[in-house]
Amino acid sequence: MGSRFLAGAFVCLVCCSLWLATPGFGEDQRGGEPDARAILQAAIDHWRGTSSYAEVTMIIHRPEWERRMAMRAWTRGEDHSLVRVMAPPRDGGSGTLLIDKDMWSFAPNINRVVKVPSSMMAQSWMGSDFSNQDIARADDILDHYEHRLLQTETTENGLVYYIEAIPHEMAPVVWGRQVVQVREDHLVLQEDYYDQDDRLVKRLVTHDIATMDDRAVARVQRMSKLEEPGEWTEVRIDAIDFGVELEDRVFTLSNLRNPRQ
Amino acid sequence: MELLRSTGQYSRRILVTLAWRYLWRNYRRTIIMLLAITIGVWAMIFMIALLRGMVDDMVQSSLESFLGHVQIHHPSYRDDPSIVNHLPTPGSELREYLDRAGLDWTARLRVPAVVSSERESLGVTLMGVKPDREVRLSKLPRQISNGRFLESPDDPGIVIGEKLARRLETGLGKRIVVMSQDPDNDIADRGFRIVGIYFAELPAMEEQFVFVGLNVAQQMLRVGESVSEIEVQGPDFREVDWFYQAIARLKPDLDVSPWYERDTYLGTMLRLMDGVVLVWIIVIFLALSFGLVNTLVMAVFERVREIGLILALGMRPSAIMGQVLLETLMLLALGLALGNALALATIIPLADGIDLSVVSEGLAMMGAGSTLYPALYWQDLLLSNGLVIALGLLAGLAPAHRASRYNPVEALTKT
């Protein structure tokens, strides 16, 4: 589900939080027991058609330094998103445009729009702990994995589903398995990435859930690498509007280069 | 008198006898000179065989590293080795020619790609191969240190190098993801399970090449039945022009190139070797020639009075000259015979190779293996022997000429 994290990267951080926003999702026809895949399917279907505008802070933390970037993100449906860096000034103006699985990035210092080639998909996105691939892949979660409901846990804020996703043999996924914790109110609480020796490598945790624009949103999410303590990337949603009207021209290469909003 | 004056068979036999006896008159000097020639000739031939062996090994090893004897590509492939510049698998016409000419061939997809594990991702060259043919033509598929090589073009597994496996922190039986681009520039990716790990002399190679089945690669990269290159190997890498030209005529619209053109460094080096051999022979000969000329000058100087006597008796000056040259020739021939014998005696027992593992790392950087196989070519033998005799006679010409020019009266009275 690393890929769903695109759905993950902010853009989708935002989205993640919305993910399972349909009440009663995924009830298996056979009754009672919810089907893991259906839960994810319902979540993605729900996400389809939602548009948003968000102001986001990304904090890249390393033992020796820390860096904050202010960003704006526009999303429309699950396959159109645009992220633009506003601060610090050094990075201001650079941005990323995603349409379906294609990804372009713009760097103002070289004044060029570059389509991110496959050779760079595994590299870090803007120096963070997310890879370009994390950002660009949306719906792989359904096609490339076998899903299983591990357990359900009752907490004071509602039922939490533990869904295990194991990639198919030929899937372009490096993980051995991933475990996602989804709360009954459709928020992703935690996502664990295990390697093929079943050691935990990366973990995405939702630290704060808040109601913004009348919806429950995972306001603070942190991706950390467990093998390198002290290295993490945190994404905070400072403000978000849902249901905004976004024209086609928002998601174009020329808008990526020359912002007009 | 009549005997010496005659130019017939008899007198020639006397010249030979005289030359032979003079040679052994001061046997110590002759033996020392013989030793010098023997060792010089041995060094010549032995070193040439070693050099040839080393260069042959380097060339062979490069040819077996996906160079082949002749390669066929899309005309733009050499400028831009991307998936866009592909060509169809060998058609029946080409295959028929290759079979008829007894040439081995393989076809492969060769594209830049990125492999990722949980912790690392690295750029590599993805090779989609026909395993049975690849094993015959290339050496990496034969150097499996763990697991197995691919079994068929449909094998779903992947074979990577030891160094790459270490850097990816992965291993046999684990899955890795290969990412590349299809001809439309869209991302093409797929997970593969590692079924084999190979080793190479050069760690850089272990990091560069990953092997998957050809059909699997074609499917992943969405190129149908196409390949990036066709490699042809003949019986001898020195003789490739005959089939290179035939294939080029057969496929005028494709880029057909022989190995020495694809790897000009290698081709130049092989040509350069001929020059090195010649220079080496001449250098050794120069060192020898000082001793040789000195020996002959002394031999002539010692017998001025005898030469004067023979001249007075009526022998022609040309016969004197011939006699000294004959002496030179005998000395050289003996030295060459001994030198050649010694060289053969050292090279033949080393035919199984000389173990150079002590310095293997340095050799590997040059692209040579850690075992050195001396290679003795009859051309080199002929060249060194011929040159030594020709130049030796040339060196003997000066003392011989001098001996023939003596005035009999002066020579006789010389004390």
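Helices (H or I, at least four residues) and strands (E, at least two) are DSSP runs, numbered from the N terminus. I use these terms throughout.

**Entry 1: ground rules.** I am reading a predicted model, in which local features need pLDDT of at least 70, side-chain atom pairs count only at pLDDT 80 or more, and totals for chains, interfaces and linings use all residues. Residues are numbered from 1 along each chain as its sequence is written, and chains are lettered from A and ligands numbered from 1 in the order in which they are written.

**Entry 2: confidence.** I looked up pLDDT, the predictor's confidence in each residue, from 0 to 100. Chain B has a mean pLDDT of 87, and 94% of its residues reach 70 or more. For the complex, the predictor gives an ipTM of 0.78 and a pTM of 0.77.

**Entry 3: annotated spans of chain B.** I took the next two items from UniProt; its positions are given in the numbering used here, feature names are shortened, and annotations may be inferred rather than shown by experiment. The record, an unreviewed entry, marks "transmembrane region" at residues 31–51, 277–301, 331–351 and 376–398 of chain B. I checked two of these spans. Residues 31–51 of chain B are 100% helix and 0% strand, with end C-alpha atoms 30 Å apart. Residues 331–351 of chain B also have end C-alpha atoms 30 Å apart, but that span is 81% helix and 0% strand.

**Entry 4: overall form of chain B.** I find 16 helices and 14 strands in chain B. The C-alpha trace spans about 100 × 45 × 30 Å along its principal axes. The radius of gyration, taken over C-alpha atoms, is compared with a globule rule of 2.2 Å times the number of residues to the power 0.38. Chain B has 32 Å, whereas a compact globule of 415 residues would have a value near 22 Å.

For burial, I count other C-beta atoms within 10 Å of a residue's own, with C-beta atoms placed from the backbone: 20 or more is buried, 12 or fewer is exposed, and in between is partly exposed. On that count, 40% of the 415 residues of chain B are buried. Contact means that two C-beta atoms, placed from the backbone, lie within 7 Å. Of the contacts in chain B between residues at least 6 apart in sequence, 79% join residues at least 24 apart.

**Entry 5: the side of chain B that touches chain A.** How many residues does each chain put into the contact? Chain B gives 20 residues and chain A gives 17. On the chain B side, strands E3 (104–116), E4 (121–129), E7 (175–181) and E8 (187–198) each supply at least two residues. E7(B) gives the most, with six residues.

Entry 6: Most residues other than glycine have a negative phi, and most peptide bonds are trans. I noted some exceptions. Glu169(B), not a glycine, has a positive phi of about 55 degrees. Glu169(B) sits in the loop between helix H6 (162–168) and E7 of chain B and is partly exposed, with 13 other C-beta atoms within 10 Å. Asn185(B), also not a glycine, has a positive phi of about 70 degrees. Asn185(B) lies in the loop between E7 and E8 of chain B and is partly exposed, with 14 other C-beta atoms within 10 Å. In chain A, the peptide bond from Ala87(A) to Pro88(A) is cis, with omega near 0 degrees. Pro88(A) lies in the loop between strand E3 (80–87) and strand E4 (95–99) of chain A.

**Entry 7: helix H12 of chain B.** In H12(B), residues 304–313, I find Ile307(B), Ile310(B) and Leu311(B) buried. Why do the buried residues line one face of the helix? Seen down the axis of H12(B), they fall within an arc of 100 degrees, the arc being that of the directions from the helix axis to the C-beta atoms. The buried residues pack against helices H13 (317–347), H15 (378–404) and H16 (408–413) of chain B. Gly314(B) follows H12(B), with a positive phi near 120 degrees.

**Entry 8: Ser257(B).** Ser257(B) lies in strand E12 (residues 255–258) of chain B and is partly exposed, with 17 other C-beta atoms within 10 Å. Not counting residues up to four places away in sequence, Ser257(B) touches Gln71(B) and Arg262(B). The C-alpha atoms of Ser257(B) and Gln71(B) are separated by 5.5 Å, with the two residues 186 apart along the chain.
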